[in-house]
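Please study the sequence and the structure before reading on.

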Amino acid sequence: MLKKMYFFLLVFGVVYAHDDVCQNDFQEHIVYWDKQAHNLEWFVPWHTTVTWQAPDAQWFLGGKINASYNCLDRHIKEGLSEKPALICRSEYGKDEIYTYGKLYEEVCKFALGLKKIGVKKGEFVALYMPMVAEAVVALLACARIGAPHMVIFGGIGSDGIYDRLKESKARYIITVDGTKRRGRVLTHKATIDKALSVGNNCVEKVIIVNKLGLSLSLNESRDIWYRDLLIHDAYACDPEWMDAEDLLFMLYTSGSTGKPKGILHSTGGYLVGVYTTFAMAFDIKSDDIFWSTSDIGWITGHSYAVYAPLLYGITTVLYDGAPDYPDKDCFWKLIEDYKITLFYTAPTAIRMFIKWGNEHIEKHDISSLRLLGSVGETINPEVWKWYDTVIGGGRCPIIDTWFQTETGCFVIAPIPGVTTLKPGSATRPLPGYDVAILDEQGNEVDKGFLAIKGPFPSMLRGIFGDYDRYKKTYWSKWDGRYYYTGDEAIRDANGYIWINGRLDDVLKISGHRIGCAEVENVVVEHPAVAEAVAVGIDDAIKGTELVVFVVLKEHTYTKDIENIIKYKVSSGIGVYARPLHVIVVDQFPKNHSGKIMRRLLRDLIAGKPLGDLTTLENPYVLDIIKECYDRVNVRGIETIDFPLFI
Ligand code: WTA
């Protein structure tokens with residue numbers, strides 16, 4: 001009996017002690033974030049730093065804050081009205097500079113305009129815009145009046161817009177007449193019209209920024225010009241006092257199931273996370289000029305092209321155009337023209353610059369750069385070294401930042417001057433995070449699932465309209481103790497983290513996140529298609545290319561079915577998801593219970609060993625599929641015709 005009791009005490013003593021240790025780490029993190037939150041200006045301070053009942057976190061409870069106030073009014077009060085907030089360059093038109101004073105005025109005027117047409121606190125306002133100043137104005141105006149913004153990436157087609165508008169029930173959408181890529185006109189407003197023509201949406205007003213002067217067919221009762229909406233006579237618009245947990249925005253991203261997820265971010269926790277990690281990883285100085293090439297339609301664009309630099313009161317650069325138009329040196333010219341100090345881009349872009357050759361860079365003096373960032377996928381050591389030598393001149397730290405739409409801001413990144421860099425590793429977690437590499441059971445291992453012991457301030461607060469999916473996707477694997485990232489990682493002997501990539505069927509194509517199931521769903525909507533499988537294949541520049549295999553219904557083959565399906569994916573998801581190849585096959589490899597063995601398709605085209613085939617019902621199809629693939633897989637053309645970065 002005594003022995004039994006001793007055993008009981010020992011086991012529970014250990015468990016208790018272990019929890020105690022974790023509890024201490026957690027307490028330290030809370031103290032850390034609490035301290036960081038004081039860097040922002042709150043109308044009312046919080047009374048409780050965090051409450052955590054997995055999977056639900058609430059940060060800075062009782063606190064009242066406004067994002068637009070912290071990005072604008074705060075700096076104006078400090079006398080920064082004349083300081084440039086935005087430098088905007090496009091393929092068309094002249095450069096525009098918005099000082100903090102001008103941005104503040106425009107945001108107030110637009111916020112009042114939004115109120116006038118009936119936008120209410122707490123309701124979603126959709127944006128479908130390129131990287132133009134008015135997009136920043138729109139984000140901040142929404143934030144000012146407490147209407148969460150929902151940006152739809154400008155490369156998404158009308159079907160994707162339709163789905164997002166239908167789900168969010170947004171009554172307002174802000175767009176442009178169009179923009180240009182390599183001189184070609186992209187017609188945003190016409191795409192919105194197409195999405196709305198399907199019906200089944202709640203859109204009452206479409207607000208249009210006139211960028212190109214296109215002649216549009218306007219719907220008198222629905223369409224309004226942005227300029228006409230600005231309230232000119234009274235430009236002070238008091239910021240709403242938002243609860244820290246009120247939504248700041250929703251942003252859709254892809255997951256492993258067919259339906260994109262509307263990721264929800266709160267106001268207080270998100271702002272604290274973004275501000276803190278920006279300052280930490282990029283060692284921000286007040287006179288920095290920061291350029292993130294990321295599009296506003298993705299999380300990097302939200303967090304680090306807009307919110308972080310403006311919260312910090314520095315100058316941020318927006319570029320609306322292709323990186324090779326009018327010439328392949330246009331990025332370096334922009335850096336030279338404005339003496340940009342911090343440059344932040346994705347490995348896919350860097351690989352493209354390498355391919356284009358150093359001569360485009362050598363034409364310009366880019367010695368103003370003092371730090372370089374990378375995001376979106378693993379940067380391989382060779383590419384890292386080129387970035388360091390050719391762009392950084394050997395003097396700029398390379399800051400490889402790991403994060404996700406769901407984390408809102410950096411989780412793993414070096415601290416310049418503190419962390420010794422290793423090419424190819426995002427190095428270590430930033431302060432405030434407890435990052436672990438776990439096996440299925442939740443044991444710490446050297447190689448396994450990348451996980452974060454929750455909660456942290458900027459973490460997503462949910463998936464719009466699907467609480468169960470939120471709980472199941474991110475918090476169920478280890479019973480609510482850890483956040484599941486979907487990535488695989490290795491921790492080396494020095495504690496450095498190396499990201500191996502996604503473990504689910506989510507691809508990164510030129511830095512864009514795309515779910516295989518999402519593509520398959522769109523493809524099988526075509527009446528000729530019986531079954532579809534989308535897989536990724538390595539590409540030297542894009543990182544991954546999309547290959548779609550289809551089995552057609554009987555007697556439905558037509559000569560250009562492959563192109564029709566490619567077009568269907570481009571319009572259903574977006575141009576960035578256009579498959580490299582569509583391959584028609586007779587059957588898929590299936591196991592005895594009829595399940596498609598997609599792993600085999602992926603390994604087959606990658607030329608990898610196929611491993612154990614004993615469960616395969618129809619092994620004879622493999623050679624036939626490989627033949628079909630080899631016939632189609634004739635490259636040699638430029639694969640990137642529309643590069644858009646994360
Ligand atoms: C990948 C982009 C390696 C990762 C910010 C993650 C990275 C997914 C890195 C999120 C990095 C992001 N090194 N992989 N520095 N940064 N990833 O939501 O697979 O578009 O899960 O956010 O990008 O993609 P998302």
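Which polar side-chain atom lies 2.8 Å from an oxygen atom of the ligand? It belongs to Arg502. Taken alone, the ligand exposes 520 Å², of which the protein buries 96% (accessible areas by the Shrake-Rupley method with a 1.4 Å probe).

The model is predicted: local features need pLDDT of at least 70 and side-chain atom pairs pLDDT 80 or more, while totals for chains, interfaces and linings use all residues. Residues are numbered from 1 along each chain as its sequence is written, and side-chain values use heavy atoms, with hydrogens and water left out.

| Residue | Protein atom | Ligand atom | Distance |
|---|---|---|---|
| Gly376 | backbone N or O | nitrogen | 3.2 Å |
| Asp487 | side-chain N or O | oxygen | 2.9 Å |
| Arg502 | polar side-chain atom | oxygen | 2.8 Å |

The ligand is surrounded by 17 residues (a residue is near if one of its heavy atoms lies within 4 Å). The closest are Asp400, Thr401, Thr405, Arg502 and Arg513. Helix 9 (299-312), strand 20 (398-401) and strand 25 (497-502) each supply at least two residues of this shell; helices (H or I, at least four residues) and strands (E, at least two) are DSSP runs, numbered from the N terminus.

By class, the shell holds five nonpolar, six polar and six charged residues. Here Ala, Val, Leu, Ile, Met, Phe, Trp, Tyr, Cys and Pro count as nonpolar, Asp, Glu, Lys and Arg as charged, and the others, Gly among them, as polar.

Conventions: A polar contact is a pair of N or O atoms within 3.5 Å; within protein, one must be able to donate a hydrogen and the other to accept it, and residues adjacent in sequence count only if both atoms are side-chain atoms.
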